[in-house]
Amino acid sequence: MRWNKALIPTLKENPSDAEVISHKLMIRAGLIRQLAAGLYSFLPLGWRAMLKSMKIIREEMNAIGGQEIFMPSLNPVEIWKETGRDEDMSEIMLRFTDRKNRDICLAPTHEEIITDIARNEIHSFKDLPQIWYQIQNKFRDEPRARFGLLRVREFLMKDAYSLCANWEQLDEAYKKHEQAYRNIFTRCGLKFVVVGASSGLMGGRQSQEFMVPSDAGEDRTAFCEKCGYAANIEVAKSVPFEVEYKDIPELKKVHTPDLKTVDEVAEFLGLPRNQMLKSLVYIAEKSEKPVMVLLRGDHQLNEEKLSLFLGELVRPAHPDEVLKLFGVPIGFLGPIDAPKEIKILVDEAVPSDKKFATGANDKDYHIVGFTLDDFKIDGRSDFRLVSDGEFCQNCGSPLKVRTTIEIGHIFKLGTKYSAAMGATFLDANGKQIPIIMGSYGIGVGRILSSAIELYADDNGIVWPITIAPFEVIITALDTTKPEISDVAEKLYSRLIESGVDVLYDDRDERAGVKFKDADLIGIPIRITVGRKVKDGMVEIVTRKDKKSEDVKIEDTLAKVLEIRQLLYSELDTQFEENE
RNA sequence: CGGGGCGUAGCGCAGUUUGGUAGCGCACAUGGUUUGGGACCAUGGGGUCGGAGGUUCAAAUCCUCUCGCCCCGACCA
């Protein structure tokens, strides 16, 4: 491509509404332009990087026997009612009615549509297993789109589905996908970890996320650097810090006027924070039942764990709901003398042989010196949020917690969808059973964002060569001089003939402008054709390490091919690190 | 949905407090000088000041409503 004729609108200044690096650079390098909140157009450079990523995805998906299909984005709402997900996803699903007044939605994902195809076309165990995938736009009415392509309302997703006749086949399909995903992200040049995750609204038994560590990420992941344990904070477990307990000789009610927070009361009573119990009240969203969760004062609740335990989503009770239920304001709540209809759950990190203090269910009073035996417990489980520096359950080393970008998520769904929608087949014994499914997603745009977040420097993007919009840029300085443009033109056509993806900067611009732009858009290999042509030389510069080499004009092609090969093989080396 | 910020030329911003009829830098066009890391000089084009209503002799500026974008939180296959 010739820059002179191309749409590559680079910007000198950062856009005012961009916060994270990848967003700023995607705008400045002319990859994308915003249409509205969470809606972006891809310009030529951005789309080329997307196409490169998709090519890698297709190759790896085909390699595990995936068959590419394509499903409609416009869905009748009825099909979503069959699984109940029109309600589960009511907030996030975009809907409208068509001219015949039918309810239509824009698909936020495609399990229901896949299952519909399966129930119509799969009849025998002999038809299984299958892997079907598509690369398609998904639509989600996000409460808050943000960070460029990281959280958007319409986005390209590769979604794959495995259909199996038994659990062994599912395990195999799942493993294949895990390996395919490792291959895909490695080839895209990303650093990532595979973590245990919550399956959330998708349902299912097991799920793992592929995470890129980045400050721009919206998820938090706990890692153990020693043994490799890694889990999304939503499900992560840890061994808490050692703490001291004081002896409390007698059980009594203490007047604590206006003292509400754990810290305030602990200080007033002269107790360590861990000897206070936090009494949190939550409402289960479907059944609308209130629950009280008790945690040590130095711990935090993990809402995901609570909702997993209860089997439905939860939300904190509003202060007025609490007042209605308990007759006391938040801050003086506790399990003792709590209303009978409220379930009481206790985190397993609360020891049963120690004495604690918490609210007395009486305004301006706390109760001090009770144990877990002094009230009825409806459930004990792990409800704690892991915090940085706590210890790994496997090996005891300190865990690190950091933000990550979720680029892929794989699920063992089981029969949630096939059972609900009647997607069954006959097994070898002639018995009708539901298809066992898996679902596997990749956010294509997030691959680009992650790569930029990982490798960008002060001058701009530094693309891994595999997903770079071009592999090589020819920067011809002073194109008005025929001795320069002749050499550049010849190199340009020779590189194209050799199958190199090359951008030719043939603009009549000053050298500084061209160098800055080349750095900004991050093309891995730059050939500078300038004043050295009079000595029969050009320069080859690699973007990521700024290494520059003078090469004879006639050797340029061979040298470029060599460097290109090197850059590709470096990604294979990284592959081993990601293993 | 709650809190905060911002909408003025393609981009980045000043002007709003104190009302007087719109400006700077970049980009763009033309001419000239320059030419290896975002050049310089000159000239020029481009704006219903997000929108609607109101106050006023007069509104980018004051008032009311409304739309949009960004940030924090809530929420989030």
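Guide: For sorting a lining by class, Ala, Val, Leu, Ile, Met, Phe, Trp, Tyr, Cys and Pro count as nonpolar, Asp, Glu, Lys and Arg as charged, and the others, Gly among them, as polar. This is a predicted model, in which local features need pLDDT of at least 70 and side-chain atom pairs count only at pLDDT 80 or more, while totals for chains, interfaces and linings use all residues. Residues are numbered from 1 along each chain as its sequence is written, and side-chain values use heavy atoms, with hydrogens and water left out.

A search of the whole structure turns up one cavity of 30 Å³ or more, a cavity being a set of points on a 1 Å grid over the protein atoms alone where a 1.4 Å probe fits but cannot get out, with lining residues having an atom within 4 Å of a point. The largest cavity holds about 50 Å³ of space, where a volume is the space filled by probe spheres set on grid points that are joined across faces, edges and corners.

Around the largest cavity stand Leu 150, Arg 151, Ala 216, Gly 217, Glu 218, Asp 219, Thr 404, Ile 405, Glu 406 and Arg 446; by class, this lining comprises three nonpolar, two polar and five charged residues. The element that gives the most to the lining is strand 21 (residues 400–414), with three residues, strands being DSSP runs of E, at least two residues long, numbered from the N terminus.

Turning to charge pairing across the model, the count comes to 45 salt bridges, each a side-chain nitrogen of Lys or Arg within 4 Å of a carboxyl oxygen of Asp or Glu. One network of salt bridges links Asp 457, Asp 519, Arg 526, Arg 543 and Lys 546.

Note on methods. Chains lettered and ligands numbered in written order. 1 Å grid on protein atoms, 1.4 Å probe; cavity = no way out; pocket = protein on both sides within 12 Å on 5 of 7 lines; lining within 4 Å. Helix = DSSP H or I, 4+ residues; strand = E, 2+ residues; numbered from the N terminus.
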